[in-house]
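Please look at the sequence and the structure below. A few questions about local geometry and annotated positions follow, each with its answer.

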Amino acid sequence: MSEPAIVLGPNQYGKAEVRVVKVTRDAARHGIDDLNVTSQLRGDFAAAHLAGDNAHVVATDTQKNTIFAFARDGIGSPEAFLLRLADHFTGSFDWVSGGRWEAERFAWQRIRVGDGEHDHAFVRSGQEVRTAVVVADGADRHVIAGLKELTVLKTTESGFEGYPKDRYTTLPETHDRILATDVAARWRYGRHDVDYDAVYAGVRALLLEAFAEGYSAGLQATLFDMGRRVLERHPEIAEIRFSMPNKHHFVVDLSPFGLDNPNEVFFAADRPYGLIEAAVQRDGVGSPAVAWEGIGGFC
Ligand SMILES: O=c1[nH]c(=O)c2[nH]c(=O)[nH]c2[nH]1
């Protein structure tokens, strides 16, 4: 029996992590957009791989330059910027049938001076990084927005009880513990007539509100509550996925020092950590695999 032939499988290529900063300076009060953009093209690139024929290979350098050139007109929301890139590359080259464009956006806030805000001096704001992915597949456009590194902590109103105990279980039950995590979430839009910046702000607020409010019976329950609130309030969002580490805070035994410790002094362990991941979906609404392809881990 002969060995199967060796053939080219799925492929994409482009420029990764183009750091583009756009200053808007048509008035004394400047604005700033700070992004990390990755562009990857899909289509007929077989000859490049199989024969070294680069006739179809839009250089990664050209893709990088296109990102800078498009920034000259203003960036706007990361989702809108990525959609422009997708339409440009698929519209300009017949053999580019799709691709994947991804962005991280770093937020800056005006520095407060006296009781005003400075016109052109900024401090990195917040901690979370906004994320966006656009996948073009022929005429289809999939838009996934998100955030990562949104670090939150509550000092009470969290517990973990009722779990199975076996011979390896040592964890004591508690109904009063610290709950801390770095929220990473991505949500897929089911429609595209969306004010991406406004929805981002709304989702971020709902995630924080869900984390803060009420008693958490576990990070899993908190995760689902976050997702449920987002889907209830945002019909334009089809589904949302989360990846959240449970950043354990262990009560330190101070009895060797003759001290009590009524949930006041903790050891903040950095590893290992629990890792809680889930999708929150609308029943009966499918989740297109092509939209999520290339997203590392769960979200
Ligand atoms: O919120 C939690 N979920 C778990 O699955 C888990 N497992 C664990 O040891 N502690 C916790 N906490």
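Q: In which strand is the place of Glu 149?
A: In this predicted model, phi of Glu 149 is near 60°, a positive value in a residue other than glycine. Most residues other than glycine have a negative phi. The place of this residue, Glu 149, is in residues 140-154, which form strand E7.

Q: Is Asn 263 buried, exposed or partly exposed?
A: Asn 263, whose phi is also positive, near 60°, lies in the loop between strand E10 (249-251) and E11. A residue is buried if 20 or more other C-beta atoms lie within 10 Å of its own and exposed if 12 or fewer. Because Asn 263 has 13 C-beta neighbours inside 10 Å, it counts as partly exposed.

Q: Which residues does UniProt list for "binding site", and how far apart are they in space, up to what distance between C-alpha atoms?
A: The unreviewed UniProt entry lists Thr 60 and Asn 246 under "binding site". They are spread over 187 residues of sequence and also in space, with C-alpha atoms up to 38.8 Å apart.

Q: Which residues is Asn 246 in contact with, leaving aside its neighbours within four places in sequence?
A: Asn 246 is found in strand E9, residues 237-246, and counts as partly exposed, with 18 C-beta neighbours inside 10 Å. Once its neighbours within four places in sequence are left aside, its contacts are Thr 181, Leu 219, Tyr 273, Gly 274 and Ile 276.

Q: Is the peptide bond from Arg 271 to Pro 272 cis or trans?
A: Pro 272 is found in the loop between strand E11 (266-268) and strand E12 (274-281). Most peptide bonds are trans. With omega near -5°, the bond from Arg 271 to Pro 272 is cis.

How values were computed. Residues numbered from 1 in each chain as written. Predicted model: local features only at pLDDT ≥ 70, side-chain atom pairs only at ≥ 80, totals over all residues. UniProt positions renumbered as here; feature names shortened; annotations may be inferred. Helix = DSSP H or I, 4+ residues; strand = E, 2+ residues; numbered from the N terminus. Contact = placed C-beta atoms within 7 Å.
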